[in-house]
Structure formats: structure tokens, C-alpha cells
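Subject: Structure handover and notes

Dear colleague,

Below I am handing over the structure we spoke about, and after it you will find my notes on what it contains. Please read them with the structure open beside you.

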Amino acid sequence: MIEIAALTKRFPGAAHPAVDKLTLRVPEGAVCVLIGPSGCGKTTTMRIINRMIEPDAGSVVVNGRNVMDVDPVTLRRHIGYVIQQIGLFPHWSIADNVATVPKLLGWDAARIAARVDELLALVGMDPGMYRGRFPRELSGGQKQRVGVARALAADPPVMLMDEPFGAIDPITRTHLQDEFLRILHDLKKTIVFVTHDIDEAIRMGDRIAIMKDGALIQYDTPEAILAAPADAFVEAFVGADRALKRLALVSASAAMDAAVAAPAAAPSIEGSASLRDALARMLSLGVDTLAVAGPHGAAIGVVTLAAIRARTRTKPASEH
Amino acid sequence: MLLVEAWQFILAHPERFLSALWTHIALSASALAIAIAIAVPLGVVLSGTRRAAQFAIAGANVGRTLPSLAVLALVMPIMGTGFVPSLFALTLLALPPILINTYTAVRQVEPDVVDAARGMGMTRNEIRRKVELPLALPVIFAGIRTAAVQVISGAVLAAYIGGGGLGDFITAGIAMMALPQLFVGAIPATLLALGTDRLFGALQRAMTPAGLRS
Amino acid sequence: MTWFLRNWDQVAIALWEHIVISLTSLSIAFAISLVAGILAARHERVFRWALGVSGLLYTIPTLAFLALLIPVVGLGRTNAIICMVAFSLMIMIRNVATGIREVPGDVVEAAKGMGMDAGEILRRIELPLALPVIVAGLRIATVTVISVAVVAAYVNAGGLGTLIFSGISSDHAPKIWAGALTACALAVVADLGLAQLEQWLRRRAA
């Protein structure tokens with residue numbers, strides 16, 4: 001768990017603080033996404049957590065210990081760190097790269113070797129094939145997987161990730177995001193994730209912290225932020241299509257009425273598809289009811305346009 | 001003809017030849033070793049500074065342009081003639097390329113790699129030892145290679161300030177217009193220089209970490 | 001210092017000789033390397049061969065090279081000039097060839113597409129854009145040539161080396177200072193001047 005209280009950092013010569021009395025709490029095992037326009041302080045905040053940047057005021061407490069009370073080098077060896085350009089060591093093999101922190105911590109060779117293989121398999125890379133390769137032989141997506149494996153090597157309770165998928169092409173990025181989500185949920189790590197992409201934030205985050213000019217504007221679950229943006233800035237930031245984004249978070253099977261039988265020739269949609277896809281299908285076919293198909297293809301309920309409307313009923317931000 | 005006569009000269013004066021050869025190698029190797037011992041650590045330290053580095057690198061750049069013989073000659077009125085003044089001058093000549101290459105090489109290590117190393121919990125020393133130096137080594141070694149050839153070439157000129165070495169045969173040969181003697185100096189010196197370049201080239205390849213070889 | 005003031009004409013003559021043989025060699029080397037460099041830029045094999053041979057020449061110790069030329073051309077300025085040209089070739093050919101090769105492919109494509117023939121592309125596009133790199137090579141060659149010219153005094157080529165050798169043999173320190181310091185000053189000034197030119201050309205090309 002990470003508790004940030006009144007964190008402040010001002011760089012010399014800057015007009016306003018990079019981080020301005022930031023206060024937020026990341027629950028244990030949650031993914032907290034820091035997002036905002038360029039210069040909002042999200043990366044600075046992340047880098048203060050592992051003391052790559054020293055704060056001017058306020059406190060950061062990680063799992064009960066104030067980061068200022070721990071020697072920075074020791075602190076960093078127990079926090080996973082993934083950056084956008086990854087920074088794999090070009091002169092070391094993949095195995096040596098992944099083994100970096102365990103070696104710094106003095107693990108024995110056998111334990112390290114086993115851990116390297118375990119992690120490479122975890123991120124979807126065959127250890128036998130990739131252990132002895134070098135970074136320059138890898139594609140962008142592969143490098144990023146190794147970067148994640150490297151950060152997980154010493155099994156840190158907390159991970160910091162700064163736009164980790166920013167340098168990857170869009171197709172690979174989506175793929176990596178999904179895989180990564182799966183891995184993270186299994187491992188139950190507390191993650192602070194920085195991005196500028198609102199869609200990525202909604203996908204990856206259990207909590208989203210929207211920042212602007214160093215200050216925290218809104219901190220809540222993705223659903224809550226989409227339903228009720230705190231002000232005009234947030235509303236513009238999440239996009240004019242936030243209603244549709246909200247629908248993308250809900251599956252058809254979650255919004256269906258299981259008691260109603262589907263009309264005979266009704267078009268259908270898979271239960272696992274989102275309401276957004278359901279809406280799109282309704283619009284393109286000109287219908288207002290879809291049969292929801294279960295995992296084996298049989299109809300298990302219906303979803304209606306009315307039900308979708310009910311889900312998106314929100315108060316406009318300007319009414320607050 | 002000339003080559004045969006040169007060879008006969010060597011056979012007739014083996015101690016003179018070997019002594020000159022040995023002095024030449026000793027002078028060159030010592031100058032190079034001292035220059036490495038000074039310039040590599042200095043270059044590494046300077047890579048972390050701003051002002052001091054600008055100053056030192058500007059000085060090294062000037063040093064690099066100075067004619068070798070001029071440097072050797074300038075040392076003479078101050079330190080006299082012989083082995084030590086020659087060693088001093090040759091060391092001065094070897095410093096600039098090594099210093100500049102070391103400084104540049106360390107600074108050119110990708111900042112992201114250093115950031116990742118720091119973020120993962122390496123101490124400043126560990127970053128230097130495990131990341132910056134290995135990655136900088138190829139370029140540092142290129143500087144050492146350049147300096148090595150320069151020093152061998154300069155050691156030939158050391159003959160003029162009493163440093164001994166193969167240059168003695170060349171100067172004597174020119175003064176007396178005795179071509180065989182001239183060859184006794186010129187050819188071994190050339191072979192020594194070419195051989196050194198080859199040797200350091202091979203060492204440079206051997207020193208390049210596996211991950212960086214293309 | 002007083003010796004210098006009283007005999008500055010000697011120094012001036014030596015300096016002049018020094019500059020003349022240096023410029024002569026550089027001009028010859030420049031002309032050869034321009035042709036060779038353009039050829040090397042176009043043909044990979046020529047590039048590697050030219051670099052190999054001239055690289056070999058560059059490694060030969062100065063005095064040894066001058067000495068080895070004596071049976072062939074005797075003493076005097078010719079000897080010195082051949083040596084200086086040989087040393088300059090490596091760096092100049094390499095830089096001419098590299099400079100031309102580094103001209104962005106799309107720029108040459110555009111020129112071709114607009115109807116320029118090979119000669120025009122070379123003269124108006126490739127060479128001008130390669131100029132900063134060529135001048136960088138010229139800078140190193142100049143410093144090398146000045147250094148060789150100091151030694152070449154020993155094979156009767158004249159130049160500032162004459163003051164140095166004369167000073168050493170007669171144990172006359174002021175002469176040594178005059179010769180050596182002037183040679184150093186010449187090298188530094190030439191290097192700085194060409195560095196400025198290089199900077200100016202780079203800014204223009206950017």
C-alpha cells in the first residue's frame with residue numbers, strides 16, 4: 001500500500017510546482033494510474049516514490065515505511081522499475097539483465113537461474129530460446145517483456161511503471177496490456193502506472209488519478225470518473241465519448257435480462273462482448289434488442305437499448 | 001642490395017640494435033601505460049562534471065594538434081636530454097586521445113540505460129563498474145590504440161633529444177648518408193608501428209562485450 | 001625572447017617555408033582524395049581498399065617514412081611533400097567518401113526526380129552537403145601535415161624544424177623555443193580556424 005500525503009516538489013526556475021500538495025492512497029494490490037497532460041507532474045510523482053527525485057515537502061509511505069527513512073539504493077532494490085525506453089543493458093544477455101536485482105541482493109546462482117527461467121516463461125518468452133540472447137536481437141515488444149520480467153525479478157511488492165508501452169506499436173501494445181493485466185492480477189502487486197493515454201488508463205487502472213499542473217483533480221475508479229467527471233477539464237480529458245467508454249467497461253451478460261427469452265430471429269451478441277459493441281450492433285442492424293449468447297452458443301438472455309440507456313444515465317458535469 | 005646490407009649491419013652490431021629496439025619498446029610502453037593510468041580515470045571522473053570537463057577537453061584538443069617533435073623539443077631546455085625527458089614528452093603526447101575518447105565514451109552511454117540501472121538500486125560505483133565502463137570500453141580502447149601508434153612514432157623522434165631507440169639509426173644514417181643504417185632504423189620502426197596497430201586492433205575486438213558486437 | 005625579436009626574420013622565413021610546403025601538400029592531397037573519395041563513395045570495394053592502403057601509410061612513423069623515401073627521391077622538399085600527401089590521404093579519402101555517403105538518400109532521390117543528371121547532383125547537392133565532414137577531415141590532415149613538416153626539416157625541406165634542429169645541435173635554447181612554439185602556434189591557429197569553418201558549414205547545412 002502506498003500513502004502519499006501533501007507531496008510537493010518545485011524545480012528551480014519553474015512557474016508552478018511540479019507536484020503540488022498531492023495526497024492519495026493506493027490500496028494494496030491495486031493498480032493506480034497517474035494520468036494528465038504533459039507537465040502535470042505524473043512522472044515526477046512516480047519518481048519521488050523511489051527517490052529518483054527528492055521531494056521538497058510531504059511524505060510517501062510505502063507498506064508502512066516512509067521512503068525518506070530508507071537508504072535510496074536499498075529502497076530501489078525492493079521496488080520494481082519499468083521505464084518507457086526500457087533501458088536494457090546492451091552488453092548483458094537477457095538472463096543477466098533479468099538477474100540484475102537478485103544479483104545485487106546476493107541471491108545464490110541456482111536460485112537466480114531458476115527465477116530467470118520462471119519470469120521469462122511468465123512474460124511469454126521461451127527461456128531456452130531467449131536466455132542467452134542479447135537485447136539488440138529482440139523486437140520492441142520482446143524488449144518490453146524482458147523489462148517487465150527484470151522489474152519482477154526480486155519479487156518486489158510495489159512496481160513503478162512509466163509509460164511502459166509507449167514505445168511499442170499499437171497492435172503489440174494492446175496485446176501486451178492484456179497479458180500484463182493478467183500477470184499483475186495473479187501476482188497481486190501494488191502498481192503505480194503513468195500514462196498519457198486515457199484508454200490505457202481506463203483499461204489498466206483500478207484507480208485513476210487525473211493530474212493537472214501538479215495538482216490532483218480527481219481520484220476514483222474508472223467507472224466513477226467516466227460517470228461523474230469532477231470538472232470541465234476532466235470531462236474534456238476523458239473525451240466527449242465518455243458515455244461510450246463507460247459502456248465498454250460493462251459486458252453484455254452483465255446488463256442482460258436472463259429471464260426474458262429471445263425473439264425467434266433476433267440477432268445475437270456474445271455475453272463477453274461489451275455493451276459498446278452491443279450498441280454498435282443494434283445501430284447497424286436497426287434493432288433495439290439482441291439475444292445474448294452464452295459460452296456454448298445458446299441464448300442465455302436478452303439485452304435491450306433501454307437497458308443500455310439506463311446504464312449511461314449521468315448528470316452532466318456543468319450541473320454540479 | 002640495400003635490405004641485405006641493412007640485415008648485415010644488424011648481424012654485425014647485434015647489441016646496438018637490440019639495445020635500441022629494447023629502449024624504443026620500453027619508452028613507448030611506459031609512456032602509454034602512464035598515460036592510460038592518468039587519462040582513463042581522469043576521463044571517467046570528468047564525464048560527471050561540466051565546467052572542469054569543458055576546460056580539460058579544450059586543453060586536450062589543443063594538445064592533440066601540437067606537432068610531436070615540437071613537444072619533444074620543448075621538453076629539452078627544461079629537462080635536458082635522455083630517457084626521462086623523452087618519456088615525459090611521449091606521455092604528454094599520449095594523454096589527449098585517451099582522455100578525449102574516455103570522456104566522450106562514458107558520456108555517450110545511453111541515459112535510459114543509466115536511469116534503469118539507478119532505478120533498480122545500483123550504487124554510483126556499481127553503475128560505473130557494471131554499466132558505464134563496459135559499454136564505454138570499445139571507444140576508450142580506440143583512443144588507446146591511436147595513442148599507441150602515436151607514441152611509437154614519437155619514440156622514433158626521441159632520438160633527437162637523446163632518448164635512444166630506433167631513431168638513432170635513422171639520424172645517423174641521414175647524417176652519414178649511409179643508407180643501410182638508415183634502413184636498420186626505418187624498417188623495424190615501421191614494422192613495430194604496424195604490428196602495434198594490428199595488436200591493439202585485435203585487443204579492441206576482444207574487449208568489445210559480446211552484446212555490442214555487430 | 002630577445003633572440004626572437006632580433007632574429008624574427010629568420011623565424012618568418014622558416015614559417016613561410018613551412019606554410020608553403022604544407023599548403024602544397026594539402027592541395028595535392030585534397031585533389032587526389034576528392035577524386036578517390038567520390039569513387040570510393042560509389043563503390044564499396046574501392047572504399048575498403050582505399051581505406052586499407054591509406055590507413056597503412058598513416059601508421060608509418062613520420063621519420064621512418066621520410067627516411068625510406070631518401071633512396072627514391074633523395075633529400076629536399078619533394079621528399080617531404082610525398083610523405084605529407086601520403087599521410088593526408090587516409091583521413092581525406094575517408095571523409096570525402098563518408099561525407100558523400102551520409103547525404104540523405106531521399107534528398108538525392110528528389111534531385112534525380114527533378115531531372116538533375118549525375119554531375120549536377122554531385123556538384124550541387126552531394127558535395128555541398130558533404131562539406132562539413134570534408135572540412136573536418138581537412139582539419140585533421142592540416143594538423144598532421146604541419147607536424148610532419150617540422151620533422152621534414154631534417155631531410156632539408158626547410159621550415160620551422162630547421163630552427164629546432166639548429167637549436168638542439170648548438171644547444172641554443174631560444175632557437176628551440178622559437179621554432180617549437182611557432183610550430184605549435186601555427187598548428188593551433190590552423191586547427192581553430194578550420195574548426196570555425198566546419199561549425200559555420202554545419203550550421204548552414206542544418
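A residue is called buried here if 20 or more other C-beta atoms lie within 10 Å of its own, exposed if 12 or fewer do, and partly exposed in between, with the C-beta atoms placed from the backbone. By that rule, 49% of the 214 residues of chain B count as buried.

Before going further, please note that this is a predicted model, in which local features need pLDDT of at least 70 and side-chain atom pairs count only at pLDDT 80 or more, while totals for chains, interfaces and linings use all residues. Residues are numbered from 1 along each chain as its sequence is written, and chains are lettered from A and ligands numbered from 1 in the order in which they are written.

Chain B

Helices (H or I, at least four residues) and strands (E, at least two) are DSSP runs, numbered from the N terminus. Chain B has nine helices and zero strands, and its C-alpha atoms fill a box of roughly 70 × 40 × 25 Å along the principal axes. Two residues are in contact if their C-beta atoms, placed from the backbone, lie within 7 Å; among the contacts in chain B between residues at least 6 apart in sequence, 75% join residues at least 24 apart.

How the chains meet

Of the two pairs of chains that touch, chains B and C have the most contacts, whereas chain A and chain C do not touch, their nearest C-alpha atoms being 23 Å apart. The contact between chains B and C takes 31 residues from chain B and 28 residues from chain C. On the chain C side, the elements that give two or more residues are α4 (62–73), α7 (118–152), α8 (161–169) and α9 (173–205), and the largest share, eight residues, comes from α9(C). That side of chain C divides into 23 nonpolar residues, four polar and one charged, where Ala, Val, Leu, Ile, Met, Phe, Trp, Tyr, Cys and Pro count as nonpolar, Asp, Glu, Lys and Arg as charged, and the others, Gly among them, as polar.

The sheets of chain A

Two strands are said to pair if DSSP finds at least two bridges between them. One open sheet of chain A has four strands in the order β2-β1-β4-β5 with antiparallel pairing, and its edge strands, each pairing on one side only, are β2 (19–26) and β5. Within this sheet, β1 (residues 2–9) and β4 (residues 57–62) pair over five bridges, with Ile2(A) partnered by Val62(A). Two bridges then join β4(A) to β5 (residues 65–66): Val62(A) stands opposite Arg65(A), and Val61(A) has Asn66(A) as its bridge partner. The hairpin of these two strands has two residues between them, and there Asn63(A) takes a positive phi near 50°.

The other open sheet to note has six strands in the order β6-β7-β8-β3-β9-β10, with mixed pairing; its edge strands are β6 (79–82) and β10 (215–220). Four bridges join β6(A) in parallel to β7 (residues 158–162), where Val82(A) stands opposite Met161(A).

Helix α1 (residues 42–49) of chain A lies across β3 (31–35), β7, β8 (190–195) and β9 (207–212), running at about 150° to β8(A). Helix α1(A) also lies across β1, β2 and β4 of chain A, at about 120° to β1(A). For these angles, axes are lines fitted to C-alpha atoms, for helices over the stretch in contact, and angles run from 0 to 180 degrees between N-to-C directions.

With best wishes
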